[in-house]
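Hi,

Here's the structure I promised to pass on.

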Amino acid sequence: MATLGDIGVSALINLLSAFAFLLAFALLRIQPINDRVYFTKWYVAGKRSSPRRRGGSVMGKFVNLDMRTYLTFLNWIPQALKMSEQEIITHAGLDSAVFLRIYTLGLMIFGPIAVVAILVLIPVNASGGTLFLLQRDLVVSNIDKLSISNVRPKSYKFFIHISMQYLFTFWVCFMLYKEYGRVASMRLNFLALQGRCAEQFTVLVRNVPHDSGRSISECVESFFQRNHPDHYLCHQAVYNAKKFSKLVKKRNKLQNWLDYNLLKFDRQNKRPTRKKGFLGLWGEKVDSIDFYRKQIEDLDMKLTVERQKVLRDPKAMTPAAFVSFNSRWGAAVCAQTQQSNYPTLWSTNRAPEPRDIYWKNLAIPFVSLTIRRLVIAIAMFALVFFYMIPIAFVQSLANLEGLEKVAPFLRPLIEWKVVKSLLQGFLPGLALKIFLLVLPMILMFMSKVEGHVAVSVLERRTAAKYYYFMLVNVFLGSIVAGTAFQQLYAFLHQSATQIPRNIGVSIPMKATFFITYIMVDGWAGIASEILRLKPLLIFHLKRMLIVKTERDLDVAMDPKGVDYPETLPSLQLYFLLGLVYMVVTPILLPFILIFFAFAHFVYRHQVINVYNQKYESAAAFWPHVHSRIIASLIISQLLLMGLLSTKKSVNSTALLGALPVLTLTFHKYCKNCFEPAFRKYPIEAAMDKDLQDRTSKSDANLKLFLAEAYLHPIFHSFEAAELDEIRVDKNQAHIAGNTSATHHDDEPTGTVQCHKVEQSHTIGSYEFESQKNTCNYYATQSNHIV
């Protein structure tokens, strides 16, 4: 078991690691070559340009030569605190602002609790003396003598713990109530101030029944014209076209190669060449620009044919559609009412915003969804128990004394002080962190298989799975496995009647393991988040090996948002640990407070400068956060009841029986008061927005606005390839002529002037007759491809 000295070693290692990460970040962020990694958000917003473009020496484009900036390299600390919450909402969205509020909530909850618990409970626990009597049978350390395990059975002191549990529960509920109301108010205000958005007028219709003789699109139009005659405006059917999607991806790659060769020609004033064979390694040598242009032209023909094939194939149309209305009121009514006598048909929900749609799952039929979710539930159950093996291994590292008593041959290794401190104070938390690295990817795959149609829902479902996993394996598994390893000698050599006593004494003592985990994950781990070492290395590797054009450079920046599937469950685990141990082992609370303060500061900086959210759910994840904090509170109450029962304090245990009931009642009250704001769009708010539009006469061209709002990403990428291609100056001479090429000495760019090519068409455009229709139909066709 980790001693106070082991905890000190772990704290020193993690503090030094955190300081090293922060110092490295402060120096790396001011280097011009790293600017796109540490200010990604501003590049995506178009509010920052690379310092490498601003002239100066060649070395100055890579390394910051201004010595004055090294004297103020820590100025990012006050800068991260300057932006107000309202400015963060405007800059990064409501999701990011509410995400930061969770860390503030942790500080507001555990700050007063830590002060009271340390002043009241630690002296009470320290004066107990029970562990001095049991240390011959059990493995104990000095830090465990500050826990409830040190209080004698049947002691009157347990009434102090019960009183503190009531006091802390009321405080947590009070703070949760205030925060739930505040977030709900922020959400409603955010939606009220939003401009005109496609999702306000649109619902997603699924399980459209098949009618022989009519297509899905005709059925949708007929149904909504009949049942919503005054508000139905238009609809967009959804198609399943995987082959078309693959062709578009192939076209984008070819277009990127064409852009690269055009840039190469512009810089060198010499036509680039390549070989026709595989990867250009062998075969006839040809002009690269002509080669890729011909490849794109041929592929465009295939795209046109494939698209027409999809549109004409009834089997390609899925039983789903996006139905748009001429008012927000009409869309809100449709989304929140039952459309058919049969509840499984014509199911309607508010459409996710276009960026939030996970298109691949729109084509999944209703029956398949039920089967998929059953299979995933079974797979999740198996995964949780499979991970018990590495969790048990981690606990064996954390409890070497228990193994030493059973296996004395390990004593020479265990008794070596340096090895012992490292194994117990640092490696358990690090090993657990490593085992959990690949888990979010597995859980995200499982959520996708379940068939959810919005990225935000996929992330929330993944976060839920991750939380349940951490609850069972990281928390309960660590306690059960840890207790078994820790007190292995006692379990093997004492009567079965003593096992409940040993478990009751040992569970509070597992706080030492969780303290090491908090320091590894919550201190050094958070500091590594701001350093962004992995994205930094990947960016520079891509820059050296892959980046050919400005488009490649944007992709290499990897402007991702907050990793909610991993971050939210980890955050909720800290709430669980704090609530469970606030009465049982209060010494853990200062470590929790340091995590919340440090993480709030780091993530605030990342939200402002780095993260670029792919969607905006208007804090739809908050009810899940609230529910899991409540669940953690109930777990803490039940655990304390169990501990007191092992202490032969039956009368005092009964006093805690009312707490779970009161907590559940409070949760139900909050759910009824605030959760509808996160599930439904108020009819009153919808009508207010509609009246504002009519007053300002801003509802013109609504049908045109909605017709293309849910255009599939593969169509967007196809059009973007046309708009972002290399521009051609038709006044320039033919390719055979000479021209002065503009020299670019820093980064590739997607906009240069080139020569006019032979014949009548321009580079990468669709001015030749055979491709005009390919370009035009995307703007007029309202159908969707999946």
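Let's start with Phe291: at 16% relative accessibility it counts as buried (buried means under 20% relative accessible area and exposed over 50%, with partly exposed in between, using a 1.4 Å probe and protein chains only). Before going on, note that this is a predicted model, where local features need pLDDT of at least 70, side-chain atom pairs count only at pLDDT 80 or more, and totals for chains, interfaces and linings use all residues. Residues are numbered from 1 along each chain as its sequence is written, and side-chain values use heavy atoms, leaving out hydrogens and water.

Phe291 sits in helix 13 (residues 288-312); helices are DSSP runs of H or I with at least four residues, numbered from the N terminus. Leaving aside neighbours within four places in sequence, Phe291 is in contact with Arg274, Lys276 and Val286, contact being heavy atoms within 4.5 Å. Lys275 is 16 residues away along the chain, and its C-alpha atom is 9.5 Å from that of Phe291.

Which residues of helix 21 are buried? They are Leu439, Pro440, Leu443, Met444, Met446, Ser447 and Glu450. They cover an arc of only 160 degrees around the axis, which puts them on the same side of helix 21 (the arc is taken from the directions from the helix axis to the C-beta atoms). The face turned away from that buried side carries exposed Met441 and Phe445.

Cheers

Note on methods. Helix = DSSP H or I, 4+ residues; strand = E, 2+ residues; numbered from the N terminus.
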